[in-house]
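Me: I am new to this structure and would like to go through a few of its details slowly. Please show it first, and then I will ask.
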Amino acid sequence: MTDPILSIRNLTVDLPKGGDRPHAVEGLSLEIMPKEIVCIVGESGSGKSITAFTTMGLLPKALVPSSGEITFDGRDLLKLTPAEHSKLRGRRMAMIFQEPMSALNPCYTVGNQIEEMFEQHTSLPAAERRARTIRLLDEVKLPDPERIYSSYPHQLSGGQRQRIVIAMALALDPALLIADEPTTALDLSTQAQILHLLKELREKHSAGIMFVTHDFDVVAEIADRVVVMQHGRIVEQGSAEEVLNRPRHPYTRLLIDAVPRRTRVARDSLEGSAEMLRVAGLEKTYHVKGSMFRPGRTVHACKDVGFAVRRGETLGIVGESGSGKSTLVKCLIRLEDPDAGQVWVEGEDIAAYSRRALHPYRKMIQIVFQDPYGSLNPRRTIGDQLVEGPVNFGGDRAEAMARARELMKIVRLDPDALNRYPNQFSGGQRQRICIARALMVEPKVLIADEAVSALDVSVQKEVLKLLNEIRDRMGLTVLFITHDLRVAAQVCDNLIVMQQGEIVERGSVDQVFGTPSHAYTQKLLAAQPGQDWEVPDVSKLPPATGVMGMGGLA
Amino acid sequence: MLLYILKRLGLAVLVALTVSALSFSLLFMAGDPAISIAGENAAAEDIAAITERYGFDRPVLVQYADWLVSAARGDLGRSWYFDLPTTEIIGDRLGVTMTLGLLAICFALLLAIPMGVAAAVKPNSLIDRAALFISVVGQAIPSFWFGLILIVVFSIKLGLVPASGSSSWKHFILPTVVLGYYATPAIMRLTRAGMLEVLSADYIRTARAKGLAPRKVLFKHALRNAIIPVISLAAVQMGFMLGGSIVVESIFALHGAGYLAWESISRNDLPVMQALILVFSMFYILFTFLADVLNAWMDPRLRVG
Amino acid sequence: MTDTTASESPAMTLSKAAPKEAPLSPRQAMVRRALRHRGLIFGALVMGIVIFIALCAPLLTQYSPYDQDLLARMKPPVFLGGEPAHWLGTDALGRDFWARLAYGARISLMIGLLAATISAVIGSVLGILAGYFGGRVDMAVTFLINVRLAMPVVLVALAVVALFGGSLMVVVSVLGLLLWDRFAVVLRAATMQVRKLEYVAAAEVLGASLPRVLWKDILPNVMNHLIVIFTLEMAHAIILEAALSFLGLGVQPPTPSWGLMISEGKEMLLFEPWLITIPGVALFFLVLSINMLGDGIRDVTAPEGRN
Amino acid sequence: MIIRNLLAGTALFASVSAPAFADKASDTVNMAFNKELETADVYFNTAREGLLLNHSVWDGLLYRDPDTGEYKGNLATEWTWIDDVTLELKLREGVTFHNGEPFNADDVVFTVNYVTNPDNGVKNMANVGWMDHAEKVDDLTVRIILKAPFPAAEEFLAGPVAMYPDQYYAEAGPTGMGLQPVGTGPFKVTELEPGKHFVLERFEDYFGGPKGKAGVAKVDIRTVPDTNTQIAEFFNGTLDFLWNMPADQTEKLDAMGKYQVVNAPAMRIGYIAMDAAGRAGESPMTNQKVREAVYHAIDRQGIVDALVKGSSIVVDTACSPAQFACDQSVEGYAYDPEKAKALLAEAGYPDGFDIDFYAYRDRPYAEAIMGFLGKVGINANLNYMQYSALREKHRKGEVPMTFLTWGSNSVADASAITSEFFTGGPQDDARDQEVIDWIESADSTNDKEERKALYSQALQKITKEAYWVPLWTYNVNYVMSPEMAFSPTDDELVRFFSFGWK
């Protein structure tokens with residue numbers, strides 16, 4: 001067996017005093033072999049990124065590794081001076097980041113930024129540097145490398161930028177590649193391409209890859225070995241096959257159990273249920289104004305969108321970014337005025353109503369937004385924000401407060417929370433509050449606009465469960481907007497798939513997933529990572545073993 | 001592109017027109033200009049004659065239209081006091097003000113940018129505190145008072161530089177310091193804040209992950225981005241400074257446009273005041289326009305669509 | 001996709017850590033941060049002293065700021081060998097300098113407060129409307145801001161005071177009408193940002209009327225900017241009034257304005273420099289404290305502002 | 001240390017060693033104007049600075065000896081009154097202008113006819129408006145025809161009425177003259193930046209009139225608006241001559257013992273004008289008792305002693321003691337605050353009253369006056385404004401009470417002030433027909449005694465009715481480098497040609 005490229009032993013990184021725990025990472029040990037992809041999985045705050053950054057020597061100043069060693073190239077990285085560590089970076093170890101949109105300097109061409117690698121670490125002549133840069137661009141499968149070479153980052157798409165970052169990382173053929181959630185910010189199809197690229201590169205280069213992610217599908221797609229982290233510690237590690245299918249630690253099991261199934265929970269038929277919302281011929285066009293140096297352009301965000309939803313139904317609206325689903329939502333709740341078309345709610349077409357005429361219908365359609373941090377006013381108490389709706393519609397404040405208490409219980413929060421401010425709640429709690437707020441006015445239709453996308457899997461599961469419960473209990477109609485096919489599959493009755501402002505596919509979940517008719521849907525489905533992995537039924541596994549330390553390696 | 005420049009220019013003209021209309025109505029609303037022209041020792045009959053000669057008995061609107069028409073031809077009227085074309089008088093004085101403005105902005109940039117950068121690189125360090133001190137003091141110190149103190153110390157006590165006038169480069173030292181210091185805090189703060197923001201940007205992390213030397217990360221990647229808003233602020237500040245050099249010019253007896261403005265105010269020389277307000281606002285407009293162009297030139301996101 | 005939270009940047013780990021320990025309301029947290037902020041404490045302290053002096057001026061000196069004594073002109077302050085009766089000396093008309101300074105604090109504070117209030121009202125109304133509505137409203141407001149910025153403040157203020165005579169009202173109005181630009185610019189940007197946040201959309205969807213949204217959801221969330229700019233402009237107005245008075249075109253004598261005191265003392269700059277040094281230092285510390293207060297408020301209300 | 005130095009004044013100059021006034025060697029006097037002179041053309045400016053240039057660069061037909069007050073020939077050698085409105089003058093031979101143009105009757109005729117023509121827009125009509133036109137008799141003889149008898153004609157011919165070269169002026173006009181002045185005086189202008197900088201050099205071909213040849217080769221005048229800056233430059237040796245220094249600074253400079261400090265009286269007087277005619281509506285000022293109370297309330301001597309200082313004296317006449325026909329026997333109302341209060345009570349204001357008080361210069365004096373008024377219960381709200389704005393308000397009759405000054409253009413005749421303000425013009429707050437009649441008849445006779453008597457009557461009444469509170473005469477402080485020799489006159493005119501070195 002060859003020697004590991006990277007070997008971390010007993011690493012502990014301290015958090016500054018006053019945090020909720022003393023260490024960001026504690027007693028961490030792991031190894032990465034050449035040509036091996038090791039996935040570090042964990043929810044936010046588990047310390048997985050910190051491990052990556054410690055290895056790269058890019059920790060913020062507030063965080064200090066206090067013990068342990070990181071052996072790389074026969075040297076302990078923790079003992080290196082910053083300058084020595086800097087020499088290793090880029091040449092021997094390289095990193096790919098989560099946000100391709102901001103990972104490149106907007107002021108320089110991407111060619112220049114890749115060439116910098118050669119400038120810094122080699123003494124190649126300019127022509128050679130350029131030639132190698134072009135070759136790299138070709139290797140990461142960017143079309144027309146010459147043009148890309150002299151492009152600025154903002155002229156490229158997110159996927160293209162991520163390829164640039166990868167090209168940059170590969171420039172000097174490093175022994176270790178660290179990828180920190182490299183596909184999280186990308187569309188499904190782009191993600192598939194990037195994952196494919198990484199797998200291919202592993203074959204061509206001999207690098208070992210540390211791949212940090214929160215997504216078990218991605219793990220299933222790419223990992224050779226898996227390390228599961230919780231609260232700064234490793235709870236389980238082993239081969240991908242082992243961890244994914246036969247997780248031993250309760251926490252791993254919890255995480256895997258929370259992964260939405262691709263199959264829908266069976267529900268009563270909706271046949272005969274009344275139509276709640278009908279949208280017909282909805283059109284919306286944006287004119288993006290030009291600036292001094294850029295011409296304006298027109299975006300057709302919704303083209304002849306039409307669908308109907310019954311009472312009690314959950315309709316999933318699926319699409320990648322830019323597909324027009326957000327615009328559709330805005331038109332439905334009339335934050336935007338549609339250019340044409342009708343929106344029928346209980347027999348009234350509210351699409352063209354004036355603001356005043358609209359007022360009584362506002363409460364029919366309510367919404368839960370994506371960002372749990374932006375959707376509550378930080379300067380008002382939860383209670384104040386909850387009673388806002390009923391009071392606006394002429395309700396009595398005390399009565400509304402009583403209902404708010406009721407709803408807090410329904411969303412499983414302490415009614416005392418009404419006196420607190422949003423910053424005192426976690427993301428999942430906030431989403432529950434948002435749901436409660438929406439329910440305050442007893443809406444007929446609830447729109448969940450990517451309502452669980454920003455949450456960790458375990459929290460996500462809870463919120464989804466809550467949504468389903470409430471739907472059934474209150475007979476709500478739900479429009480579930482998401483980019484996540486797994487989630488859509490699990491909670492929706494019917495689906496529509498949008499692409500560039502148009503509905504390209506519609507049908508029941510089984511129809512859409514089973515026999516997609518439109519090429520785009522097919523492509524989208526094919527792009528899902530980890531399709532070969534069937535999420536195991538955790539309840540059928542043998543009893544969990546306790547906390548494991550180094551056992552996995554032995 | 002050309003269309004946008006034209007649009008921008010159209011807007012600039014509109015702004016200038018509004019400013020001139022506002023100032024015209026403001027200035028001519030108060031006081032009988034004839035008396036101003038006649039001067040302190042003039043007798044009654046002189047004043048009557050002047051009122052007739054200049055047509056001050058006509059409605060203000062007519063007078064403004066008149067002014068506008070000749071302004072369009074580049075004639076901003078004659079100074080009542082000097083009885084010379086205002087354009088000639090202002091042109092004569094503008095050199096000093098421009099020199100002062102340029103020197104001051106250079107002084108401000110040379111002081112503010114290095115300190116702002118150093119402060120951002122090492123927050124809460126000694127240099128950060130020094131920078132903070134300089135900027136806090138700069139904001140709080142009244143420039144007229146600061147100017148007087150500098151005269152007392154450097155000119156009288158130490159005899160290093162002349163106290164007033166504009167005949168040699170030495171004369172510009174103190175005014176430059178005073179005026180430049182006035183613009184320093186804003187620039188320094190923006191540099192510091194911009195650098196802090198940029199330094200925590202993802203692409204700086206990328207640059208560091210590439211193993212680039214710290215200096216290269218700092219100057220090539222960080223400063224280049226942080227400097228963009230600073231440049232446009234500096235341009236705007238320059239516009240402000242030209243208009244705000246009145247105090248400094250009057251303290252140091254620099255015969256620039258600012259001093260002319262002050263004198264014209266005390267002489268009630270409305271055509272000169274009116275023209276100066278226009279000229280200063282034109283400068284502001286010009287500088288903001290230049291700032292936009294410069295911004296676009298420095299920031300490819302704006303330049304390349 | 002705009003899925004961001006799944007990442008785990010080290011910085012986020014830190015900021016998330018705090019609320020878990022002891023859930024503080026935003027106000028409690030703010031007070032706690034404020035008490036730890038040295039600049040803020042200093043600013044508040046100096047400002048408090050000035051306000052105290054202004055309010056209690058009649059108790060702090062037995063002299064009137066207007067009583068002149070031509071036989072006791074320009075007596076030096078105690079620390080330059082003067083007599084304790086006039087511990088800060090007397091001015092060119094034999095008026096007690098300390099009395100003028102103490103009563104002058106009233107004028108400076110009043111000018112600062114009133115001018116900043118006028119400009120805050122104009123600027124924030126324009127800024128918030130522009131930021132909230134965008135489109136044509138925004139274009140109109142932006143145009144107004146441009147016009148305002150293009151007008152040279154000092155020059156216009158001087159001209160107006162020269163032509164209309166300098167009373168406290170004129171000075172305050174002129175400054176108030178000239179200093180609203182920063183309010184408008186900052187509040188416009190801040191409102192635009194807040195406007196995009198989903199709680200504003202949520203409030204609209206919940207049927208909140210426009211004034212209610214502006215009052216309950218926009219204003220409280222741009223309030224910190226408003227307060228910070230208010231302090232900045234207050235300081236700015238005080239300095240400008242002093243500059244106008246210095247150039248002889250500010251408030252009318254014998255009003256004991258600090259700017260006027262400097263202007264009067266300027267005559268004897270070379271021989272009795274304390275005449276300008278004392279009010280100059282007072283002015284400096286007042287403006288300094290207001291600015292530090294503003295900086296402190298910014299840091300405290302937006303912890304991510306500085307570091 | 002620095003702080004203490006900053007606070008304590010005199011310590012500052014401990015290190016100011018003997019200033020290097022190197023200017024005796026270069027034979028140049030460096031001095032400053034504190035305002036920008038609009039133009040060097042004397043007929044198109046009304047400033048004191050313009051008068052200064054006038055007297056050194058140009059000549060009048062006559063000359064008034066500043067010491068004796070006697071009129072002497074200057075460009076004219078003899079002059080005789082043909083009748084009340086016709087003055088014949090014999091011109092001096094062999095005088096040339098700075099540009100070489102010879103001086104003759106044509107120049108006089110051209111100058112007088114040009115400036116008296118209203119179309120030419122001369123700024124100071126009061127200086128020339130009394131003349132109707134001039135006629136040439138022969139090459140060296142001219143006649144000036146007056147519009148009406150004008151007793152102060154000689155004074156004006158010796159003062160502001162400068163003679164211009166006809167050919168040059170016809171061509172260059174006021175603008176050209178403003179940029180490149182040409183006269184016959186002891187100095188010629190060799191460098192001129194409008195409003196900023198004037199360099200005068202000795203005119204070697206000066207004809208040698210009563211002014212005498214210039215005592216220094218060069219006078220370099222810059223505009224330095226700020227008194228402190230002027231003093232600073234004086235300390236540094238870049239100015240040799242300070243003019244119009246305020247009293248306090250002068251005292252301090254004198255106390256330093258290194259410089260020559262001279263004080264001279266000026267023709268300017270200060271006064272409080274009150275709206276006795278009630279033009280600004282019903283105001284307490286229409287009541288003579290109130291006006292008398294104001295007169296009694298102000299300790300003019302106290303203000304002169306503490307603030308005005310120098311050679312200033314308290315006056316009780318509406319003119320300067322230096323002026324002809326300014327009767328000094330007029331008796332005013334003495335400082336007596338109790339009496340003032342009593343008078344106010346009598347007038348129906350036992351608790352005093354509020355009144356708007358206007359001023360345009362000498363803010364400390366105005367404040368001191370207000371202080372005294374306050375003590376008797378007159379609460380004056382100061383409106384300190386530009387001269388033009390104040391004058392306009394005054395002319396419109398909207399000013400109940402104002403502190404003004406008048407310098408009479410250095411014309412040493414009471415008509416230059418009393419006639420200006422008490423003949424029913426827009427600035428006449430008294431509008432007393434008797435006074436108007438007396439002054440008008442005084443101004444239309446050339447009989448000196450008769451004029452004196454008429455003026456005396458008018459001045460008596462003005463003071464008795466307390467239309468004005470005459471305050472004090474002004475004075476001028478000159479501070480010079482130790483090497484300079486200059487003895488000032490009492491008419492506020494700095495005669496550059498009398499500069500010299502010790």
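Me: Leaving aside its neighbours within four places in sequence, which residues is D:Asp432 in contact with?
Reply: This is a predicted model, in which local features need pLDDT of at least 70, side-chain atom pairs count only at pLDDT 80 or more, and totals for chains, interfaces and linings use all residues. Residues are numbered from 1 along each chain as its sequence is written, chains are lettered from A and ligands numbered from 1 in the order in which they are written, and side-chain values use heavy atoms, with hydrogens and water left out. With contact meaning heavy atoms within 4.5 Å, and with neighbours within four places in sequence left aside, the residues in contact with D:Asp432 are D:Lys461 and D:Tyr467.

Me: Is D:Asp432 buried or exposed?
Reply: D:Asp432 lies in the loop between α15 (418-421) and α16 (433-443) of chain D, where helices (H or I, at least four residues) and strands (E, at least two) are DSSP runs numbered from the N terminus. Buried means under 20% relative accessible area, exposed over 50%, and partly exposed in between, with a 1.4 Å probe and protein chains only. Because its relative accessible area is 8%, D:Asp432 is buried.

Me: In which sense do β19(A) and strand β20 of chain A pair?
Reply: Two strands pair if DSSP finds at least two bridges between them. Strand β19 (residues 494-499) of chain A and strand β20 (residues 502-508) of chain A are joined over 6 bridges, and A:Ile496 stands opposite A:Arg506 in β20(A). The sense in which β19(A) and β20(A) pair is antiparallel.
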